[in-house]
Amino acid sequence: MDDPKTKQWPKHIRPCIIKHECDSLSAIEFNVTNRNLAYSGGADNMIRKWDLRSGEILQEQLAGHAIRVFKLEPSLNGLFIATCDYNDCFVKVFSAESLEPIQSLDASDFEGWIHTTTKLKKESVCMSLAFSPNSKLLAVGDSGCGSNI
C-alpha cells in the first residue's frame, strides 16, 4: 500500500539538491535563460551561482547587506540578479554572469522610483522583488504595505 505522506516526482521533473554548509538558505532561484544555472542566498550574506548538472558552486559574491540575503530575484532576460535583506532597506543589483555588483538602491528613498504607493520607512522589511517581463523595471514590496517600482 502506498504511503499517503510520500509523493513521487512527476517523470518530467528532475529533483536537484543544492548542498552547502551555511546557517540557512533563504532564497534559491533558477536562471530562466540557462536551465543549468541557479542562484542562492542566505544567512552568510553571500550569493552563489550553481551548476545544476554537477551541483558545484561556480561563483560566489558577498552581497553587502546588513545581515543576510533574504530575497533573490533573477531578471527574466538572464542579465541581472536583485537581492534584499529584511534588516535593511537596500536592494542590490548584480551581474548574473560575473556576480559583480552593479547598483545599490535605497528602497526607502522616495526619489528615483517611477511609482511608489507609500514611502518605505527605514524600519520596513523587504518582502518581495520582481523584475518586469522586459527586465527594465524592478518592483520592491515591503512589510509596511509599500511598494516601489
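1. Glu60 and Arg48 form a salt bridge in this predicted model, with their closest N and O atoms 2.8 Å apart; the term denotes a side-chain nitrogen of Lys or Arg within 4 Å of a carboxyl oxygen of Asp or Glu. The pair links distant parts of the chain, Glu60 lying in strand S4 (residues 56–62) and Arg48 in strand S3 (residues 46–51), twelve residues apart. Strands here are DSSP runs of E with at least two residues, numbered from the N terminus.

2. Arg48 is buried at a relative accessible area of 5%, whereas Glu60 is partly exposed at 43%. Buried means under 20% relative accessible area, exposed over 50%, and partly exposed in between (1.4 Å probe, protein chains only).

3. Arg48 also meets the side chain of Asp44 in a salt bridge, at 2.8 Å from N to O. Asp44 counts as partly exposed, with 29% relative accessibility.

4. A further salt bridge pairs Asp51 with Arg53, the closest N and O atoms being 3.2 Å apart. Asp51 is buried at 11% relative accessible area, while Arg53 is exposed at 60%. Through salt bridges that share partners, Asp44, Arg48 and Glu60 are joined into one network.

5. The search of the whole structure finds three salt bridges.

6. On conventions, the model is predicted, so local features need pLDDT of at least 70 and side-chain atom pairs count only at pLDDT 80 or more, while totals for chains, interfaces and linings use all residues. Residues are numbered from 1 along each chain as its sequence is written, and side-chain values use heavy atoms, with hydrogens and water left out.

How values were computed: Helix = DSSP H or I, 4+ residues; strand = E, 2+ residues; numbered from the N terminus.
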